[in-house]
Amino acid sequence: TFVVTENCIKCKYQDCVEVCPVDCFYEGPNFLVIHPDECIDCALCEPECPANAIFSEDELPENQKAFIKINADLAQIWPNITEIGERPADGKEWDGKPNKLPLLER
Ligand code: SF4
Ligand code: F3S
């Protein structure tokens with residue numbers, strides 16, 4: 001399965017949702033997650049993310065492992081998203097900033 005990681009927080013570009021053939025992205029206030037049971041491992045979303053926030057679970061950086069459970073948990077309570085909606089106005093400023101996990105709104 002593929003996993004959305006920390007750099008998506010507050011960037012939330014949403015390019016990823018447009019290419020997913022099984023519509024398995026779910027949307028929170030400032031982050032998106034992938035439903036691990038619905039993702040078919042097609043890898044289409046990974047190169048679409050301008051923030052490079054999407055990884056195959058097998059290739060997750062060590063310091064991003066917590067996002068496996070974050071994606072699994074939040075995909076069960078957040079609504080589905082299939083089209084790009086409003087992007088955060090200051091998203092670009094947050095791209096690449098470290099330690100964004102405490103800023104994740106649930
Ligand atoms: Fe969707 Fe494919 Fe990305 Fe999985 S790998 S979330 S199926 S686009
Ligand atoms: Fe997030 Fe990248 Fe999608 S920033 S919303 S994972 S395009």
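Tutor: Leaving aside neighbours within four places in sequence, Phe-67 is in contact (heavy atoms within 4.5 Å) with Val-3, Val-4, Thr-5, Glu-6, Ile-9, Phe-31 and Leu-101. This is a predicted model, in which local features need pLDDT of at least 70 and side-chain atom pairs pLDDT 80 or more, while totals for chains, interfaces and linings use all residues. Residues are numbered from 1 along each chain as written, chains are lettered from A and ligands numbered from 1 in written order, and side-chain values use heavy atoms, without hydrogens or water.

Phe-67 counts as buried because its relative accessible area is 1%, buried meaning under 20%, exposed over 50% and partly exposed in between, with a 1.4 Å probe and protein chains only.

Val-4, one of the contacts of Phe-67, also belongs to the residues around ligand 2, which include Cys-8, Cys-16 and Cys-49 as well as Lys-12 and Asp-15 (a heavy atom within 4 Å). That shell divides into 9 nonpolar, 1 polar and 2 charged residues.

Cys-39 stands 28 residues from Phe-67 along the chain, with 15 Å between their C-alpha atoms, and Cys-39 is among the residues around ligand 1, together with Cys-20, Cys-24, Cys-42, Ala-43 and Cys-45, among others. The shell of ligand 1 comprises 12 nonpolar residues, with no polar and no charged ones (Ala, Val, Leu, Ile, Met, Phe, Trp, Tyr, Cys and Pro being nonpolar, Asp, Glu, Lys and Arg charged, and the others, Gly among them, polar). Ala-43 is partly exposed, at 30% relative accessible area, and sits in the loop between β3 (32-34) and β4 (54-56).

Terms used. Helices (H or I, at least four residues) and strands (E, at least two) are DSSP runs, numbered from the N terminus.
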